[in-house]
Amino acid sequence: MQANLFFGLSLVWASARSWLPVLPVIIPLFTASLIAALSRLLSQRAALALSLIAAFFTASASLSLARISLANPIVYWFGGWSAQGGKTLGISFAIDPIGAGLAAFASTLTFAALLFSARYFDTARNYFYGLVLSFLAGMCGFALTADMFNLFVFFELMSAAAFALCGQKTEDPSSLQGSLNFAVTNTIGAYSVLTGIGLLYARTSALNMAQMGETLAHGPRDRLVLAAFAFIICGYLIKAAVVPFHFWLADAHAVAPTPICVLFSGVMVELGLYAVARIYWAVFHPALHPLLPRLRLLFLTIGVATAILAGIMCYLQRNLKRLLAFSTISHMGLMTIGIGLFTAEGLAGTVLYALGHGLIKAALFLAAGIVLHRLQTVDEIELYGRGRETRWAAAIFLLGAAGLAGVPPSGLSLGSNLIHSSAREIGFEWQKWVSFFAAAITAAAVFRASARVFFGWGAPAGTQRQRTSKSEAKTETEAGHHHTPVWMWAPAIVLISSGLLLGTLPGLARGALTAAARFEDSAGYAAHVLAGVPLQTPVPNTGIAGDAWFGILVLLAAIAFSGLHLLSKGFQPPRKPAVRPLMFLQRLHSGHVGDYVAFLTLGIGAFGAACIFLVH
Amino acid sequence: MNFLPYLVSAWLFLIGLYGVVTSRNLVHLCICVGVIQSSSYVLLLAIGYRIGRPAPIFIDIKPGTPAVDPVVQALMLTDIVVEVTVMALLLALAVQIHKRNGTLDPNQLHAIKG
Amino acid sequence: MTKAARKILFLISALLLACVFWLGYSQMPPAGFVPSTYGDRVNQIVVPQRHITDAVTAVNFDIRGFDTLGEEFILFTSVMGVVLLMRWRKEPIRGDHEDKAEDRRVPPPSDAVRVASVLLVPATVLFGVYMVTHGQLTPGGGFQGGVILATAPLLLYLAGTFGQFHQVAPLRMVAFAEAAGAATYIFIGGACLALGGSFLQNLLPLGQIGSLTSGGIVPLIDLGVGLEVCGGIVLALLAFLEELVEEKEE
Amino acid sequence: MTPLQIFILLFVAAGGTGVVLTRDPASQAIVVSFYGFLLSILFFVFQAPDVALSQIVVGAVALPLMILLALARVKKQQREYDKGR
């Protein structure tokens with residue numbers, strides 16, 4: 001009897017294990033179609049409950065995948081078309097802790113965003129939940145797949161859902177073009193990716209990343225490979241919103257409903273960078289590794305430009321959501337540097353940084369959503385001193401600013417420490433100061449905004465320059481609300497505290513380092529995917545040096561800077577020559593889709609040209 | 001001559017971009033995005049084609065006969081579906097923008113600044 | 001940026017991009033001679049291993065079936081998105097006024113158009129169904145057939161009134177069919193898992209080569225896809241037809 | 001490559017250019033339909049009948065229809081907008 005029971009249980013367990021790899025994609029998609037099919041029968045509450053359950057199970061499935069794959073990546077072949085003699089026919093997932101961790105993270109943020117939206121869309125239809133779940137499925141599939149074209153498919157699934165969600169329920173008369181800018185630039189990016197895939201397919205006759213990498217390693221390292229590299233990487237960099245591809249992100253964030261901003265800033269853009277890292281290490285590293293020092297310079301340039309430009313732009317905003325969006329771009333620059341170091345330490349640091357940043361930024365957006373819910377605007381100037389009542393939002397904003405500065409033990413502090421030490425090792429000591437600048441100025445922007453909004457400090461009117469970025473978002477919920485319901489502040493509080501305490505999680509940094517080392521073991525990855533050889537990557541034994549003072553220094557600098565700004569009544573009147581470059585910078589962010597696409601063309605062209613001249 | 005398909009593909013990509021950049025009407029702009037997408041069709045088609053081989057339909061020809069590459073054609077099918085769906089979304093967005101602003105000219109939309 | 005500045009910036013960048021295209025493409029194998037071991041291997045196994053005579057269908061629904069799952073859901077998602085975007089009826093547009101009936105009067109189509117459209121409907125449906133069911137044998141399949149089927153109700157629309165349109169395509173049913181078609185794909189994949197294979201593993205009997213039931217799960221998936229695509233396209237087109245959408249609200 | 005293939009390739013390039021340069025969306029919808037048709041012929045002559053069928057149902061029928069419907073709606077909105085002003 002007992003034996004039977006045991007047998008039955010183990011059977012269930014075994015089948016659950018064989019189901020597990022597909023669950024992060026299947027659960028949300030199936031629930032989405034269920035909600036759509038029953039959209040007329042289900043009440044909104046029931047649809048919400050279903051989506052919450054789906055997000056929860058997706059998160060647990062992804063988490064257990066991350067845990068299992070710590071020992072060895074899981075390779076799952078769809079349709080049973082496994083690799084034969086190093087050649088592939090079918091599509092596979094290759095699940096490693098970083099990918100599965102990102103999927104789990106995406107599901108967690110989706111859960112929080114759904115919870116937040118419980119009362120948020122008073123008139124939303126059930127299709128909204130279907131879209132959110134499709135979005136989640138796209139992100140999960142994107143993080144888990146090991147196939148180049150499948151990656152593109154999930155990229156498009158994610159994008160299609162994101163475009164639609166971005167244009168939802170904006171009550172603002174005129175800013176809807178933000179979602180069109182988003183859709184157009186990202187679609188062009190997708191076709192840049194597809195062009196690159198075509199080039200690679202012509203060379204390798206494969207779509208599996210590991211097989212592509214193997215074939216490229218044995219072929220010539222010529223212009224075709226580099227052009228393909230440029231097209232594919234640029235396509236995903238558009239999603240990652242680095243300079244000069246970053247324009248869409250701020251517009252999209254200013255337009256999108258706040259819960260959706262959480263997903264955009266918290267995880268979607270980071271997934272763009274994830275794809276860059278994944279593709280570089282799985283496909284191009286075997287062929288391009290001699291060029292590594294030069295590629296490093298290229299990525300560092302992009303990262304530094306992004307961090308600094310967006311940092312400045314962030315400080316100039318008066319729309320809270322747009323301010324947060326630019327701060328996301330600035331931090332994406334730092335993450336690009338982390339990835340672009342092409343070291344295990346740098347990647348591990350970036351992963352931790354992305355987690356910490358995602359949690360904190362999500363909480364900040366939720367807080368902005370609370371402000372919008374209570375006060376019907378997110379414009380810093382209009383809100384001047386009106387935020388005294390919204391204590392939850394104030395607390396989250398202040399904590400979030402500290403988190404963005406990277407005070408220990410937040411995930412950002414842990415991550416940036418790793419990135420710094422890696423950068424120091426390969427001779428980029430100065431990277432620290434870029435990081436200092438970006439973290440300080442984005443934190444200072446949030447400090448300044450919260451001081452004005454929640455405490456009424458500084459001058460009531462903004463600076464001259466800020467006036468240009470007039471507020472866009474109008475109410476998303478109906479009428480004024482006099483209290484903040486628990487499902488609005490609770491997710492934000494949970495997110496911010498987990499973001500701030502992420503660094504205390506024992507074994508997190510060590511685990512990230514191990515996972516990153518395996519992630520970058522191209523040969524091992526290929527052998528594992530194609531032949532099932534277990535990974536034997538040596539685990540790096542570097543000590544994780546904590547530099548607690550850095551984060552605190554950044555925090556002090558941020559407080560000092562914003563304090564000075566507020567004391568000096570906002571630099572009024574602006575001294576002309578000093579601000580002219582800033583005004584020029586602002587004018588470039590025109591909201592005109594033609595401008596954005598022109599810059600996008602410039603970006604792809606310049607990146608491609610740079611890549612090709614790397615060889616010569 | 002055997003490089004013509006690649007040239008056409010590159011040309012379509014660039015001319016599509018040109019259309020997007022200089023567009024004065026959002027519906028026109030969406031269609032130009034479609035032209036960029038068609039660039040990828042031509043590229044994939046050229047990659048999959050093998051001179052002298054038949055289509056990969058093994059009804060009239062003996063199974064196992066060398067044929068053109070079916071994988072690329074499957075990718076193109078996916079690509080076409082993606083095109084039509086993305087286009088529908090873009091058009092819907094354009095219609096909504098018009099509804100809010102009374103114009104489809106991107107030069108007259110000045111909501112987002114800085 | 002001014003128009004001129006934008007144009008100049010673009011032309012310079014486009015020149016750069018053209019160089020990248022040129023440098024990259026010039027090292028491609030000439031078109032028509034690109035070696036494709038992947039495609040060759042597929043061509044060799046589809047008939048013996050899968051009893052499918054259309055290799056493209058085999059790739060789409062079996063070998064790389066998971067891609068197509070994603071693709072179907074891209075369609076499904078976009079349709080949801082379009083419907084949500086276009087059904088944005090709660091608040092009046094800026095020039096707030098009540099007049100809606102006036103523009104709705106379309107001149108009635110001439111008899112010739114009406115007759116032609118009605119006559120075309122059965123042919124369209126037949127052709128669409130043929131296409132959906134013969135996906136594994138001949139060119140075509142769920143997607144193409146689905147789009148063709150979706151044009152049938154539109155022909156009716158062309159022929160006359162919305163009333164007939166509604167009779168043919170009650171919107172709730174269309175919406176339901178679309179979602180059910182999408183769910184079918186996952187359901188089939190899951191059934192393969194439950195039978196002990198991996199997701200979307202073709203475990204059904206493969207049938208006689210050349211018959212309608214050949215190909216194992218492929219014809220079933222084809223049917224689901226046909227349903228989904230047909231429903232999806234109808235919904236998307238309807239979403240653009242504002243008037244109908246309003247009726248749908250009630 | 002056969003002359004036919006080359007010919008149609010050139011036509012496609014010209015067609016794409018025509019689509020972009022037709023600035024009026026209503027006539028563009030017609031040009032797009034023609035362009036979709038051209039592409040499907042291209043697919044046919046390059047031995048891709050499956051893709052050609054898709055292209056013809058999408059590019060020559062569904063897509064232009066969608067564009068026309070969108071334009072019709074825009075037109076109607078424009079009238080209401082002008083009246084409301």
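**Entry 1: α8 and α11 of chain A**

I began with helix α8 (residues 209–218) and helix α11 (residues 258–288) of chain A, which pack at an angle of about 15° with their axes 6 Å apart. The axes are lines fitted to C-alpha atoms, for helices over the stretch in contact, and angles run from 0 to 180 degrees between N-to-C directions. That angle makes α8(A) roughly parallel to α11(A). For the record, angles under 35 degrees count as roughly parallel, over 145 as roughly antiparallel, 65 to 115 as roughly perpendicular and the rest as oblique. I noted a right-handed crossing for α8(A) and α11(A). Handedness reads thus: left-handed if the near helix is turned anticlockwise from the far one by less than a right angle, right-handed if clockwise.

I listed the contact residues next. From α8(A) they are A:Met209, A:Ala210, A:Met212, A:Gly213, A:Glu214, A:Leu216 and A:Ala217. From α11(A) they are A:Ile279, A:Ala282, A:Val283, A:Phe284, A:His285, A:Pro286 and A:Ala287. Contact means C-beta atoms, placed from the backbone, within 7 Å. By class, I get eleven nonpolar, two polar and one charged for the contact of α8(A) with α11(A). Ala, Val, Leu, Ile, Met, Phe, Trp, Tyr, Cys and Pro count as nonpolar, Asp, Glu, Lys and Arg as charged, and the others, Gly among them, as polar.

**Entry 2: ground rules**

This is a predicted model, in which local features need pLDDT of at least 70 and side-chain atom pairs count only at pLDDT 80 or more, while totals for chains, interfaces and linings use all residues. Residues are numbered from 1 along each chain as its sequence is written, and chains are lettered from A and ligands numbered from 1 in the order in which they are written.

**Entry 3: chain A overall**

I counted 23 helices and two strands in chain A. These are DSSP runs numbered from the N terminus, helices being H or I of at least four residues and strands E of at least two. Of the 616 residues of chain A, 67% count as buried. Buried means 20 or more other C-beta atoms within 10 Å of a residue's own, exposed 12 or fewer, partly exposed in between, with C-beta atoms placed from the backbone. Among contacts in chain A with a separation of 6 or more, 84% join residues 24 or more positions apart.

**Entry 4: around α9 of chain A**

How far does α9(A) reach from its first C-alpha to its last? I find 25 Å for its 18 residues (223–240), close to the 26 Å expected at 1.5 Å a residue. The expected span is 1.5 Å times one less than the number of residues. α9(A) is mostly covered, with 18 of its 18 residues buried. A:Ala241 follows α9(A) and has a positive phi, near 55°.

Most residues other than glycine have a negative phi, and most peptide bonds are trans. I looked for exceptions.

- A:Val243 and A:Pro244 are joined by a cis peptide bond, omega about 0°. A:Pro244 sits in the loop between α9 and α10 (247–255) of chain A.
- A:Pro408 and A:Pro409 are also joined by a cis bond, omega about 0°. A:Pro409 is in the loop between α15 (391–405) and α16 (411–425) of chain A.
- A:Ser205 is not a glycine, yet its phi is positive, about 50°. I place A:Ser205 in the loop between α7 (177–204) and α8 of chain A. A:Ser205 counts as buried because it has 23 C-beta neighbours inside 10 Å.
- D:Gln47, not a glycine either, has a positive phi of about 65°. D:Gln47 lies in the loop between α2 (25–45) and α3 (49–84) of chain D.

**Entry 5: chain B against chain C**

I found 43 residues of chain B in contact with 48 residues of chain C. Which element of chain B gives the most to this side? α3(B) does, with 17 residues. The side of chain B that touches chain C divides into 31 nonpolar, nine polar and three charged residues.

I then looked at one helix pair. α3(B) (residues 70–101) and α3(C) (residues 55–63) pack at about 60°, axes 8 Å apart. That makes α3(B) oblique to α3(C). α3(B) passes α3(C) in a right-handed crossing.

**Entry 6: chain C against chain A**

This contact takes 58 residues from chain C and 64 residues from chain A. The largest share of the chain C side, 15 residues, comes from α4(C).

Note on methods:
Contact = placed C-beta atoms within 7 Å.
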